[in-house]
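Please keep the sequence and the model in view while reading.

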Amino acid sequence: MIQISVIIPVFNEQESLPELHNWIQRVMEENAFSYEIIFVNDGSTDRSWEEICKLSKLNPSVKGVNFVRNYGKSAALDIGFGKAQGEVVITMDADMQDSPDEIPHLYEMVVIEGYEIVSGWKKKRHDPITKTVPSRFFNWVTRIISGIKLHDFNCGLKAYQNKVVKNIHIYGEMHRYIPLIAKWNGFSNIGEKVVEHRARKYGQTKFGIERFLNGFLDLISVSFVNRYKKKPMHFFGSLGTVSFLAGFIITSWLIFEKVYGVYRGFRVRDITDQPLFFLALVALIVGVQLFLTGFLAEMMTSNNSRKADYNIDEEINFL
């Protein structure tokens, strides 16, 4: 097994790729690391793939995967994780804002200090306030919900033991929550390292303000999925039982009140004239539906072996 795999998702970064490659190569050679660099071209519309092909001819340690269209960063990382052979797997962005000089210390924290995951913390950022303030709030909320004491969940510079990346699956926009996904899969020894955040040298940022809204939705999603993906009946069945019992109790009370009133000779309204009856009826129906949803989800979970498929146009330097 080689020592380090560096996985780099690429989307329209043709200008930065040669310089980034040369920097990584220099760091690896200075530290005598055996390594591979896996560029995953995520449907770039510029000449990024052509640059990756050129680099692979100059350096056999450069490997590439070319998607037929843009699937997103999570898809690129997921494919890279599947192909990585390194003892330590390091991810970084292709925009030159992550420094390859951090690689040796990240490697040591995993191999020598024994961390299963080491997440970078861009303590000093070269971003506008419209990006840093929402990011701090987002990370604060994520720390509270996840229970993981990291300052920067979205930092692209991270290091993993190989066994971690082979036992997690990410999709959608879940790359922000890899530490949380890993924790739910039993990898809880998570460390943090302050890393250099460099000013953008090439191109423009690929992320807009909408990523923060999507980020919170993804946080809710990943929290729910990891808690209940193996036991959906515990969630849907519990809600369904509460709803059904509430409807049943209310309906029983209305019927008892009607029968008792007739028996005592009181003047009482018809049950169907009372709004509470219809609320109880809705609660009964919703309760049954939630219970059936949980039952169907249990059946789907027990038989589901689906894994996301991404259309790959070309691969280079993989055996």
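Rings of Phe, Tyr and Trp (its six-membered ring) pair if their centres lie within 6.5 Å; planes under 30 degrees apart count as stacked, over 60 as edge-to-face and the rest as tilted. This is a predicted model, in which local features need pLDDT of at least 70 and side-chain atom pairs count only at pLDDT 80 or more, while totals for chains, interfaces and linings use all residues. Residues are numbered from 1 along each chain as its sequence is written, and side-chain values use heavy atoms, with hydrogens and water left out.

Q: How many aromatic pairs does the rule give?
A: The rule on ring centres and planes is applied to Phe, Tyr and Trp. By this rule, the count is 7 aromatic pairs.

Q: Which kind of aromatic pair do Phe81 and Tyr160 form?
A: Their ring centres are 5.5 Å apart, and the angle between the planes is 70°. Planes over 60 degrees apart count as edge-to-face. The pair of Phe81 and Tyr160 is therefore edge-to-face.

Q: How many residues apart are Phe81 and Tyr160?
A: Helices (H or I, at least four residues) and strands (E, at least two) are DSSP runs, numbered from the N terminus. Phe81 lies in helix α3 (residues 73-83) and Tyr160 in strand β6 (residues 158-161). The pair links distant parts of the chain, 79 residues apart.

Q: Why is the pair of Phe244 and Phe248 stacked?
A: The ring centres of Phe244 and Phe248 are 6.4 Å apart. Because their planes are at 10°, the pair counts as stacked.

Q: Is Ser74 buried or exposed?
A: Buried means under 20% relative accessible area, exposed over 50%, and partly exposed in between (1.4 Å probe, protein chains only). Ser74, in helix α3, has a relative accessibility of 0%. Ser74 is therefore buried.

Q: Which residue's side chain is joined to that of Ser74 by a polar contact?
A: A polar contact is a pair of N or O atoms within 3.5 Å; within protein, one must be able to donate a hydrogen and the other to accept it, and residues adjacent in sequence count only if both atoms are side-chain atoms. Here the contact is 2.9 Å, and the partner of Ser74 is His175.
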